[in-house]
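Visitor: I am new to reading structures. Could you walk me through this one?

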Amino acid sequence: MRESFERPYLTATSMGGVPYRDLEKTVRTILDYFPVAPCLPVTTRSSRWMFEGIPCLRIDREKRKIYMDPSPESEKELIEFYERYEQGDLDYFATTPQAAPFLYAMLERLKDSPPPELKWVGFHTAGPVLLGDIIVQTDGSPSFNNETFRDVIKKASNMKTKWLVKKIKEEIPGVEVLADLPETTLVNFTSSGGTGTRDEIIRAINEGFQGLSCPTWIHCCANIDWSLLTETNVDVINFDAYQHSENLALYSKELRRFLERGGMIAWGIVPVIEELLLKESVPSLVERLEKGINLFVRQGIDEELLVSSSWILSSCETILLTQEQSDLVFGMIKEISQIMRRKYGFDA
């Protein structure tokens with residue numbers, strides 16, 4: 001974690017997954033709402049675009065599972081993987097246009113005609129703990145439980161992230177990259193019935209971000225032991241502020257230390273669950289956000305430090321909403337950010 005990264009001052013941004021399918025509309029919509037800090041879009045619910053470069057993967061189409069093959073026949077793949085890793089061959093871990101045309105559509109637009117306000121470009125790809133949960137062993141248990149597979153996944157996640165950072169900086173020189181490795185299933189490993197020790201999880205998260213010189217970001221929309229993330233090297237903790245502000249405030253001491261050493265908070269204040277979204281408005285969400293900020297301040301966190309280190313976005317991706325509902329969410333994020341920035345004098 002570094003203190004030199006520029007503070008967001010309640011800047012609006014988004015997560016990658018969106019319900020739009022037309023790439024031109026996708027790019028235009030994201031840049032209309034988030035010209036300062038757009039995120040590379042993801043227009044598919046499939047995770048397969050994130051798996052390029054990972055060895056020993058097999059797909060069981062009938063069971064709809066992706067698993068790692070431990071058979072001797074996979075040894076050549078493992079050897080090549082480790083050779084490429086040791087060589088630092090980032091292109092081996094590239095995400096191709098065939099697998100993720102949505103990423104390339106946004107990169108092309110930003111390269112050709114970047115918004116004048118552009119400061120940051122974000123992206124997400126699965127974090128190592130999430131990958132270790134999505135990809136299973138042949139018995140159906142998480143591959144994260146297997147020492148060899150866990151090592152492969154940590155290294156593959158790190159190399160994929162490094163390649164994405166390199167690609168964005170090559171296409172858009174001078175922009176700050178926000179590298180998001182979501183850990184949306186972290187609660188599976190930290191619950192009483194979960195697997196994986198605290199040290200293993202922290203070490204895996206840190207290795208996913210190892211060697212990066214840009215702000216690192218973790219999205220977790222469940223309620224977890226938040227000290228787990230404040231003890232990692234991550235720069236931004238992105239949480240579901242609509243539902244869990246009071247839970248995070250219970251960790252005010254850890255959060256204060258996190259902010260004082262340069263950390264940032266991303267407030268997922270706009271819900272993406274349809275029944276919650278449709279009963280809210282911009283004023284009601286501004287009020288909820290202000291209550292969350294005041295709660296943290298009452299717990300001893302410096303208000304100026306907190307708000308200057310805060311991002312505004314939705315509680316999770318909008319990919320499960322309709323396109324119209326996603327537009328509504330994006331509009332709310334933008335307006336809430338504008339209201340809060342004016343309140344604290346950040347637009348002056």
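Guide: Start with pairing: two strands pair if DSSP finds at least two bridges between them. Helices (H or I, at least four residues) and strands (E, at least two) are DSSP runs, numbered from the N terminus. Here, Val270 has Ser314 in E9 as its bridge partner. This is a predicted model: local features need pLDDT of at least 70, side-chain atom pairs count only at pLDDT 80 or more, and totals for chains, interfaces and linings use all residues. Residues are numbered from 1 along each chain as its sequence is written, and side-chain values use heavy atoms, with hydrogens and water left out.

Visitor: In which sense do strand E8 and E9 pair, and over how many bridges?

Guide: Strand E8 (residues 264-270) and E9 are parallel, with five bridges. Strand E1 (residues 11-12) also runs parallel to E9, joined by two bridges. There, Thr11 sits opposite Trp311.

Visitor: Where do side chains point in a strand?

Guide: In a regular strand they alternate between the two faces of the sheet.

Visitor: Is strand E9 mostly covered or uncovered?

Guide: Buried means under 20% relative accessible area, exposed over 50%, and partly exposed in between (1.4 Å probe, protein chains only). In E9 (residues 310-314), five of five residues are buried, so the strand is mostly covered.

Visitor: Why does Arg341 count as buried?

Guide: Arg341 counts as buried because its relative accessibility is 18%. Arg341 is placed in helix H14 (residues 323-343). Contact means heavy atoms within 4.5 Å. Leaving out residues up to four places away in sequence, Arg341 touches Pro8, Tyr9, Leu10, Thr11, Phe346 and Asp347.

Visitor: How do I read a pocket?

Guide: Take a 1 Å grid over the protein atoms alone: a pocket is an open set of points with protein on both sides within 12 Å along at least five of seven lines, where a 1.4 Å probe fits. Lining residues have an atom within 4 Å of a point. A volume is the space filled by probe spheres set on the points, which are joined across faces, edges and corners.

Visitor: What is the volume of the second largest pocket?

Guide: About 340 Å³. Its lining has 19 residues, and Thr11, Ala12, Val36, Ser337 and Arg341 are the closest to its centre. E1 and H14 each give two or more residues to that lining. H14 gives the largest share, four residues.

Visitor: And the largest pocket?

Guide: The largest pocket has a volume of about 560 Å³. It is lined by 30 residues, with His124, Thr184, Cys316, Glu317 and Ile319 nearest its centre.
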